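I opened the model to look up its salt bridges, its nonpolar cores and one of its helices. My entries follow.

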Amino acid sequence: MSNFTDVTEFSLLGLTSHQELQVLFFVVFLIVYMITLLGNVGIIILISISPQLQSPMYFFLSHLSFVDVWFSSNVTPKMLENLLSETKTISYVGCLVQCYFFIALVHVEVYILAVMAFDRYMAICNPLLYGSKMSRIVCVQLISVPYIYGFSVSLMCTLWTYGLYFCGNFEINHFYCADPPLIKIACGGVHIKEYTMIVIAEINFTYSLSVVLISYTLIVVAVLRMRSADGRKAFSTCGSHLTAVTMFYGTLIFMYLRRPTEESVEQGKMVAVFYTTVIPMIYSLRNKDVKEAVNKVIMKANLGQ
């Protein structure tokens, strides 16, 4: 019979044990985090004050930026603290809270990406009905579902994480509390947690990605029927969304749709750096209309001086 041990805190092994690299990583990730905050908060403010960005696409984009801010803030501050700390620990309760918000925000984000794909389908394939079908009330209803569903599913998943038992190994091979490395060091409750993690990930990634793929299949068919210039203009609004979908789904599938092993946990740690730091900046770097709105705000500010 396993000798279960009460857990009060975990040690986070982080990205590296080399002291000189930890200082370098601290500087790099602090800069990336600040850019992520400024970029996404800037997008939210800009969309709220710019008349040209008062459309369903940018309403959903503002929520995606909001989720990205919290997604990054759930992980990065603790990672930065541990990079400069002698004791790289997180409390048991803090670990569960981090797991809860991480799982919730992942589910919210994948379904917001699916809603945004549906919005692009409505705008390109049904332009005459777009204004009436995608009213403000409909948009609020569409954006409410990912939040309600994501936080509900996460509560269930976190309860299964709470059901894990540990036998003395409290070192998490990661820079935040994630399910795969927790499963790897647990000695009880592993099978149900591992099974439910993979099944829930498969169901949600498959369903949300199906909405994206079907929407873009119909969009491509519609674009091919248009004149070349109109088609290019219509499809150009999908570029940054497609990039975010490809990167976000690719990294999450790589991490969560396979059994946790020593090798997969180590690889997942490297991949996690990518989707917790790089992806949150995709829209702020690539969206043409947002850039144009920024330029107009700057020009107005200069003229007002």
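**Salt bridges**

I looked up Asp 119 and Arg 120 and found both buried, where buried means under 20% relative accessible area, exposed over 50% and partly exposed in between, with a 1.4 Å probe and protein chains only. Their side chains meet in a salt bridge at 3.1 Å, N to O; the term asks for a side-chain nitrogen of Lys or Arg within 4 Å of a carboxyl oxygen of Asp or Glu.

I note that this is a predicted model, in which local features need pLDDT of at least 70 and side-chain atom pairs count only at pLDDT 80 or more, while totals for chains, interfaces and linings use all residues. Residues are numbered from 1 along each chain as its sequence is written, and side-chain values use heavy atoms, with hydrogens and water left out.

The structure holds 3 salt bridges. Asp 179 pairs with Lys 193, with the closest N and O atoms 3.1 Å apart. Asp 179 lies in helix α6 (residues 179-185) and Lys 193 in helix α7, so this pair ties together parts that are 14 residues apart in sequence. Helices are DSSP runs of H or I with at least four residues, numbered from the N terminus. Asp 179 is buried at 5% relative accessible area, and Lys 193 is buried at 1%.

Lys 78 forms a salt bridge with Glu 81, the closest N and O atoms being 3.4 Å apart. These two are 3 residues apart in helix α2, so about one helical turn separates them. Glu 81 is partly exposed, at 46% relative accessibility.

**Nonpolar cores**

I took a nonpolar core as a set of buried Ala, Val, Leu, Ile, Met, Phe, Trp, Tyr and Cys residues joined through side-chain atoms within 4.5 Å. The largest has 56 residues, of which Phe 60, Ile 112 and Phe 175 touch the most other members. Helix α3 (92-125) is among the elements that give two or more residues to this core, and its share, 15 residues, is the largest. I listed the contacts (heavy atoms within 4.5 Å) of Ile 112, leaving out residues up to four places away in sequence: Phe 60, His 63, Leu 64, Val 67, Ile 143, Pro 146 and Tyr 147.

**Helix α1**

I checked the length of helix α1 (residues 19-49): its 31 residues should span 45 Å at 1.5 Å a residue, and the end C-alpha atoms are 45 Å apart, which agrees. The expected span is 1.5 Å times one less than the number of residues. Buried residues in α1 include Phe 29, Tyr 33 and Ile 43. Val 27, also in helix α1, is partly exposed at 41% relative accessible area.
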